[in-house]
Protein chains: 2
Amino acid sequence: MSSSVSPLAPKTVPDMPVIAGVRLATAEAGIRYKNRTDVLLAVMDKGTAVAGVFTKSKCPSAPVEWCRAKLKGGKARALVVNSGNANAFTGKTGRSSTALTAKIAAKAVGCSESEIFLASTGVIGEPLDATKFDGVLGRLAETAEPGDYLAAAKAIMTTDTFPKVATATVKLGKAKVTINGMAKGAGMIAPDMATMLSFVFTDAPIAPAALQALLKSGVEDTFNAVTIDGDTSTSDTLLAFATGAAAEHGAPKISRASDPRLKAFVKAFNQVLANLAEQVARDGEGARKLVEITVEGAKTKASARKIAMSIANSPLVKTAIAGEDANWGRVVMAVGKAGEPADRDKLSISFNGIRVARSGARDPDYDEAQVSEAMKAPEIAIKVSLGLGKGRDRVMTCDLTKEYVAINGDYRS
Amino acid sequence: MSSSVSPLAPKTVPDMPVIAGVRLATAEAGIRYKNRTDVLLAVMDKGTAVAGVFTKSKCPSAPVEWCRAKLKGGKARALVVNSGNANAFTGKTGRSSTALTAKIAAKAVGCSESEIFLASTGVIGEPLDATKFDGVLGRLAETAEPGDYLAAAKAIMTTDTFPKVATATVKLGKAKVTINGMAKGAGMIAPDMATMLSFVFTDAPIAPAALQALLKSGVEDTFNAVTIDGDTSTSDTLLAFATGAAAEHGAPKISRASDPRLKAFVKAFNQVLANLAEQVARDGEGARKLVEITVEGAKTKASARKIAMSIANSPLVKTAIAGEDANWGRVVMAVGKAGEPADRDKLSISFNGIRVARSGARDPDYDEAQVSEAMKAPEIAIKVSLGLGKGRDRVMTCDLTKEYVAINGDYRS
């Protein structure tokens with residue numbers, strides 16, 4: 001863990017309500033770290049629906065392969081997350097580790113192994129000694145309680161500088177339902193790659209297929225619209241669990257994502273995802289600025305996304321922002337290299353509301369001193385107007401600082 | 001210009017022979033810099049063939065648009081290059097500047113404006129005052145001489161830390177022909193983006209269409225296989241000029257790129273391009289390590305290229321190399337995110353000949369101390385074997401250092 005908290009960390013942490021049907025417990029299993037929790041067990045009541053989205057990496061970690069396979073059953077009884085070792089690129093040993101972890105967890109919780117979901121984050125390429133979970137998971141299953149989500153979020157941290165939680169309460173039918181989420185960031189754990197993990201829990205009674213559809217649609221403008229350095233972990237995992245306990249006080253059972261009664265729920269669910277995703281950007285390694293990039297006037301939303309991502313992943317744009325430089329020339333460069341329809345002579349660019357370029361040239365009216373002052377803010381909004389169509393999209397990133405290089409370029413220990 | 005020369009600069013500079021039909025001159029036009037040359041005029045004899053490849057940016061600079069249009073004629077009499085101002089994203093003013101520059105140059109050389117080729121590098125978004133060329137180009141045309149290629153390479157530098165030239169002499173038929181090239185790197189010129197420019201001259205009598213085919217094929221494994229930070233300039237330009245003067249001492253006139261008599265020439269031509277491209281990588285901003293990435297065993301060469309570029313552009317891989325860390329986990333990550341066919345369990349990775357991972361896991365035989373020692377070298381070769389097919393490719397890049405961030409993140413002046 002980093003010693004100092006990101007200056008972009010949220011100023012307040014929400015009170016996290018209990019979710020009926022979910023119990024949590026954490027422990028120090030000594031996977032890699034000393035004197036901190038590194039295992040989370042979440043135990044869910046019978047009948048809990050599960051959905052998941054994972055890294056698109058062609059070289060996924062063993063736990064990702066495990067979850068993908070078990071997702072077909074649609075039901076979950078427990079989630080086991082460890083930090084310190086990602087169990088990635090560990091060959092056949094990795095598969096044995098996940099199988100053993102699931103076996104231990106299934107015994108501890110009293111369920112089938114196919115109802116166990118797993119995530120690991122930390123060093124990659126080192127075998128994960130799953131025997132360390134023996135005993136630990138049994139104790140955790142016995143002591144699990146309805147809930148300290150903040151403690152859970154802390155147990156899954158690697159180089160995160162703050163725990164990430166979000167919550168929302170919303171009506172489903174006439175019943176109040178709750179959505180709690182936690183995430184760990186795309187931080188690095190020396191000497192190897194860590195990952196983005198996020199887990200969302202709700203007491204809403206939503207069937208697995210509907211939950212999967214909600215999740216898939218929800219990530220599109222949240223987690224998939226955040227980039228730190230353009231690199232993709234082999235372990236990225238987002239799981240959603242719906243215990244259905246709210247049915248007891250009248251929440252309607254939902255079997256289709258298109259059910260109109262879900263409208264408010266979907267909005268709240270997406271807000272939780274968006275909140276967590278933004279916290280990940282706020283905790284990017286070495287980040288000193290949160291950057292929001294909006295592209296409008298593109299041919300399509302997909303085209304706007306590609307251009308926004310090209311800007312967000314450009315080292316030249318990101319270093320300029322670190323230097324508090326409203327360098328629109330580099331934004332033009334990034335628009336141009338995206339390969340999407342763009343007409344230089346129709347391009348307008350603004351930083352924090354100040355237009356610096358329009359119609360393919362520098363805006364003659366812009367005041368350098370005013371822009372320089374605006375660039376000192378911790379949050380920078382770049383808006384690019386292409387003037388071609390109605391496609392619009394927005395992505396979040398952070399700046400690229402010397403600290404990023406220091407964090408990621410330190411000698412292997 | 002940077003004050004200290006890159007530690008990766010070539011130890012020796014070749015003697016650059018004269019090329020019949022090409023005369024060069026440089027001057028201090030005061031475009032932006034003080035006390036250094038910033039304009040190059042190359043005057044070519046009548047009948048010189050020209051070919052060019054340019055940035056794929058959708059927002060190209062005015063000079064790129066000019067050259068693309070004039071290339072259709074296939075003939076060149078002069079090349080004008082200025083450093084200090086890229087004349088990019090300057091709207092209609094930019095087009096007027098290129099037209100005026102061409103007009104002044106055509107008058108100075110005594111040719112049609114359609115035989116003038118232009119390139120500009122430096123600040124973008126600032127109008128280029130082409131009237132500064134008035135008088136200057138006339139004097140240069142009068143004083144141009146067969147050749148100081150090193151002086152020419154110096155005049156086109158921006159943040160390059162050393163001038164880049166390469167030469168080759170080869171037989172075409174029974175005649176000796178010469179190929180000279182110069183380049184400037186993908187360096188940055190504070191506060192804005194600079195660009196990659198390269199110009200190649202030969203006395204071989206090669207028709208425009210054949211020269212274009214040679215150039216297009218030649219860049220594929222040279223300039224297109226080099227990346228500094230994945231960003232693409234709006235001004236990247238590579239032009240080749242063939243004066244045909246060697247026909248006078250018996251070189252055969254070549255009209256097709258597939259002509260078997262070209263074999264040795266093509267090899268030498270590609271070597272010049274490869275040499276210049278490598279020098280660009282050696283002068284990447286803040287670079288302390290030259291990195292060669294070879295991917296073999298891919299399904300196809302194109303697939304190998306995509307994977308190699310994914311590794312070469314990964315900030316996590318590049319910072320690890322800066323930290324002298326043989327971090328194969330990050331290489332796995334970059335292979336996985338490329339989206340190309342890859343099987344984790346067949347992957348092998350080596351650094352400078354030492355295999356660190358095989359069959360989807362850490363190589364049990366590798367010696368950490370030996371690898372750490374190897375990573376101290378200024379040149380790092382990463383080899384990835386996918387074990388899937390016969391596709392193979394190789395790209396060059398450099399490491400990502402704190403100096404890169406410092407160079408590109410300094411406050412706008």
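B:Phe269 is buried, with a relative accessible area of 1%; buried here means under 20% relative accessible area, exposed means over 50%, and partly exposed is in between, using a 1.4 Å probe and protein chains only. B:Phe265 counts as buried too, at 0% relative accessibility. Please keep in mind that this is a predicted model, where local features need pLDDT of at least 70, side-chain atom pairs count only at pLDDT 80 or more, and totals for chains, interfaces and linings use all residues. Residues are numbered from 1 along each chain as its sequence is written, chains are lettered from A and ligands numbered from 1 in the order in which they are written, and side-chain values use heavy atoms, with hydrogens and water left out.

Now, where do B:Phe265 and B:Phe269 sit relative to each other in helix H6? They are four residues apart in H6 (residues 263-282) of chain B, and so separated by about one helical turn. Helices (H or I, at least four residues) and strands (E, at least two) are DSSP runs, numbered from the N terminus.

On to the rings. Rings of Phe, Tyr and Trp (its six-membered ring) pair if their centres lie within 6.5 Å; planes under 30 degrees apart are stacked, over 60 edge-to-face, and the rest tilted. Over all chains, that rule gives ten aromatic pairs. One of them is B:Phe201 with B:Phe241: the centres are 5.3 Å apart and the planes at 20 degrees, so this pair is stacked. B:Phe201 belongs to strand E10 (residues 197-202) and B:Phe241 to strand E11 (residues 237-242), both of chain B, so the pair ties together parts 40 residues apart in sequence. Both B:Phe201 and B:Phe241 are buried. Over in chain A, ring pairs join A:Phe117, A:Tyr149, A:Phe201 and A:Phe241 into a cluster.

Next, let's look at helix H3 of chain B. Which residues of H3 (residues 136-143) are buried? They are B:Val136, B:Leu137, B:Leu140 and B:Ala141. Down the helix axis, these fall within an arc of 130 degrees, so they line one face of H3(B); the arc is that of the directions from the axis to the C-beta atoms. B:Arg139 and B:Glu142 are exposed on the other side. The buried residues pack against strands E1 (22-27), E2 (39-44) and E4 (78-85) and helix H2 (91-109) of chain B, with contact meaning heavy atoms within 4.5 Å.
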